[in-house]
Amino acid sequence: MQYTNFKYIYTMKLSLQELAAIYKLVSTIITADEEIKSEEIDVLYDFFESVGAYQENMVDQIIDVSDNQLSQEDATTIVAHCDADTKQIVANLLAKVAGCDGEISPQEVEIFNNLKEICELPDPIADKDDDNDETIIPAFIVVRTNGVVKLYQTESTGYPTLDNELAALIGAERLEVVRYTAPLNAISEHVGLTDHHLVFLIDRNGYARPDAADNMTGTLLYGAGQEIIGDIIFALESDNGYNISGIVESNTLLNKIYNTINNAVGGLLRVE
């Protein structure tokens, strides 16, 4: 049983200009052979989601800035001035887009090498998700009333052991499950959950606590004008049997759920 950090969640903050510049560079790879493939678009949108930028209006802004405000020279200059971590992300992304269809054309190789030289990019390395997509210790996302997020992992299962363990995380005597609200259902659908749905757990007697405080994340995801009080825990619940469990499939799913929750609440969450 342990608290741990979101080791694989990419929390670097990128400006709209930087995202637009990255989009413009990726577009040169996508259009290199004059045939835009769905696999290439999927990789690009997975990138947007991984950095918390996957909101329809924000993606539209990124594309608009890239198409109408940035020249190719502007884009390469912006990326060239990014820090080392961001340059590594860009190098990985360009290589992944070029090779996602199973073949890399001579045009794509030439463009990649030119961008690598101009932007002073490092050699691409394997995507973290590709290296770390194995089943993980069941993970629960704990959100404090101030928006700070902790990841709690435990191999405990079933009632009462797991129930008592999770209750202790938020100082509750008894837990209550919030399920099937419109916002939660939308998140479950977006991340592609099968046989499970996303829920969050609250202190059943939270209103009576002397330190009672509104949890804005919970309130927004309840979505019915009812304040949610105290820290909350995001978990999965089985469609049949309503059994509570952590996220176990992979780090990729964990990241996707975290980022989708954060997008749904307007970026209120922060990892410390």
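This is a predicted model: local features need pLDDT of at least 70, side-chain atom pairs count only at pLDDT 80 or more; totals for chains, interfaces and linings use all residues.
The account begins with strand E6, which spans residues 232-238. Strand E6 is mostly covered, as 7 of its 7 residues are buried.

The pairing of E6 with other strands comes next. Strand E2, residues 139-143, pairs with E6 in the antiparallel sense over 3 bridges; here Val142 has Ile233 of E6 as its bridge partner. Strand E5, residues 196-203, also pairs with E6 in the antiparallel sense, over 6 bridges, and Val199 stands opposite Ala235 in E6. Strand E7, residues 244-245, pairs with E6 in the antiparallel sense over 2 bridges, with Ser245 of E7 as the bridge partner of Leu236. E6 and E7 form a hairpin with 5 residues between the strands, and in this hairpin Gly241 takes a positive phi near 100°.

Attention now turns to Leu268. This residue lies in the loop between helix H11 (251-264) and strand E8 (270-271). Leu268 counts as partly exposed because its relative accessibility is 37%, a value in between the limits of 20% for buried and 50% for exposed. Leaving aside residues up to four places away in sequence, Leu268 touches Gly147, Met216, Thr217, Leu220 and Asn262. With Gly147, the separation in sequence is 121 residues, yet the C-alpha atoms of Leu268 and Gly147 are 6.0 Å apart in space.

Definitions and conventions: Residues are numbered from 1 along each chain as its sequence is written. Side-chain values use heavy atoms; hydrogens and water are left out. Helices (H or I, at least four residues) and strands (E, at least two) are DSSP runs, numbered from the N terminus. Buried means under 20% relative accessible area, exposed over 50%, partly exposed in between (1.4 Å probe, protein chains only). Contact means heavy atoms within 4.5 Å. Two strands pair if DSSP finds at least two bridges between them.
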